[in-house]
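My notebook is open, and I have two places to look up today. I will start at the surface and then move on to the ligand.

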Amino acid sequence: MARFDGRVAVITGAGSGIGRALAYDLARRGARLALSDVDEVGLAATVAGCHDLDADVEGWRVDVADRGAMRRHVTDVVDRFGVVHLVFNNAGISIVADATEQTLEDLDRVLGVNLQGVLHGSQLFLPHLIASGDGHLVNISSVFGLLTIPTQSAYHASKFAVRGYTEALAVEMAVNGTPVQVHCVHPGGIATAIAANATVAAGRDRDGFVDLFAKVARTSPEDAAAIILRGVERGRTRILVGADAWFLHLLTQLLGSRYQRLVRWLGVRTLRQLDRKAEEAAAARGATGEVRAG
Ligand SMILES: NC(=O)c1ccc[n+]([C@@H]2O[C@H](COP(=O)([O-])OP(=O)(O)OC[C@H]3O[C@@H](n4cnc5c(N)ncnc54)[C@H](O)[C@@H]3O)[C@@H](O)[C@H]2O)c1
């Protein structure tokens, strides 16, 4: 069983959601924390929360997509703490757009954070995890690294790639007897700010998407953090977070690639629902306008 007390844990994207919940949970378990985020306000709040929990903690503004910044971050963390036992490559962004609606720049941005960010954090911290003699690399993929739905091709490209890289690394470490356990995390819907912060293609109903996400994101970030840490403690290579993640995982196991037929059927229904809601909202706005005008 992995332990966290006194261990140095690096968390990217620690200014919100799952990253913040991981920081608080690890702080309660006595870990020492190297936190980072591009959002300095969110990061400062997490650092303050960890101070309140009496943790040894330091925060840095770091863009995980920026290779130079990540190199400097690794040096800063090692200078400050001397050792690194756990790395949680958690920072992530989302986009809602069909492939025909997104630009190559959109793809670069999503892959820059969600994939390159994970590769930077993994490759650059790996020598230090190995040197610790008992390292854990925890990469956050998604249930969308297990199956696909419409409007998420960029996100899927990043999360399937994170899964491929992470699973290969886990096998390599085990085969070579390298003292690092590697974990790939697949959260289902977690109630965080990720949908509210998403890039949504022009002309799409942003509010409808955020409402839909609020309905399906049934796991709290705190529960997600506890599940992730339990998976790390138990040495699980694949960590599924939430009943929805388990359900979708089992569905793909059961149906193989035939799950796509089901997604097609559900996708059409969901699109119709969203269209109907958008029309209702537009009609309600029109009605309010008439009353005001009158
Ligand atoms: N919330 C979900 O339903 C869900 C489901 C599956 C996977 N995930 C994954 O979980 C991880 C955490 O997401 P969350 O739900 O807590 O979202 P969140 O938006 O609440 O938190 C993400 C954090 O990452 C930070 N970030 C964004 N770009 C960054 C960059 N370039 N460099 C450094 N930090 C950056 C943001 O500022 C934010 O603080 C992400 O990788 C996400 O893809 C989330």
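I looked up leucine 266 first: it counts as partly exposed because its relative accessibility is 40% (buried is under 20%, exposed over 50%, partly exposed in between, with a 1.4 Å probe and protein chains only). A note on the basis: this is a predicted model, where local features need pLDDT of at least 70, side-chain atom pairs count only at pLDDT 80 or more, and totals for chains, interfaces and linings use all residues. Residues are numbered from 1 along each chain as its sequence is written, and side-chain values use heavy atoms, leaving out hydrogens and water.

Leucine 266 sits in helix α9, residues 259-293 (a helix is a DSSP run of H or I, at least four residues, numbered from the N terminus). With Leu262 and Trp265, Leu266 makes a nonpolar surface patch of about 290 Å² (residues with over 30% relative accessible area and no salt bridge, nonpolar side chains joined within 5 Å). A salt bridge would be a side-chain nitrogen of Lys or Arg within 4 Å of a carboxyl oxygen of Asp or Glu.

Next, I turned to the ligand. I found 30 residues around it, the closest being Ser16, Asp37, Asn90, Tyr155 and Thr192 (one heavy atom within 4 Å is enough).

Then I checked N or O pairs within 3.5 Å. A backbone N or O atom of isoleucine 190 is 2.8 Å from a ligand oxygen, and a side-chain N or O atom of lysine 159 is 3.0 Å from a ligand oxygen. The protein covers 93% of the 830 Å² of accessible area that the ligand has on its own (Shrake-Rupley method, 1.4 Å probe).

Technical notes: Patch = residues over 30% accessible without salt bridge, like charges linked within 9 Å, V, L, I, M, F, W, Y side chains within 5 Å. Helix = DSSP H or I, 4+ residues; strand = E, 2+ residues; numbered from the N terminus. Polar contact = N/O pair within 3.5 Å; in protein donor to acceptor, adjacent residues only side chain to side chain.
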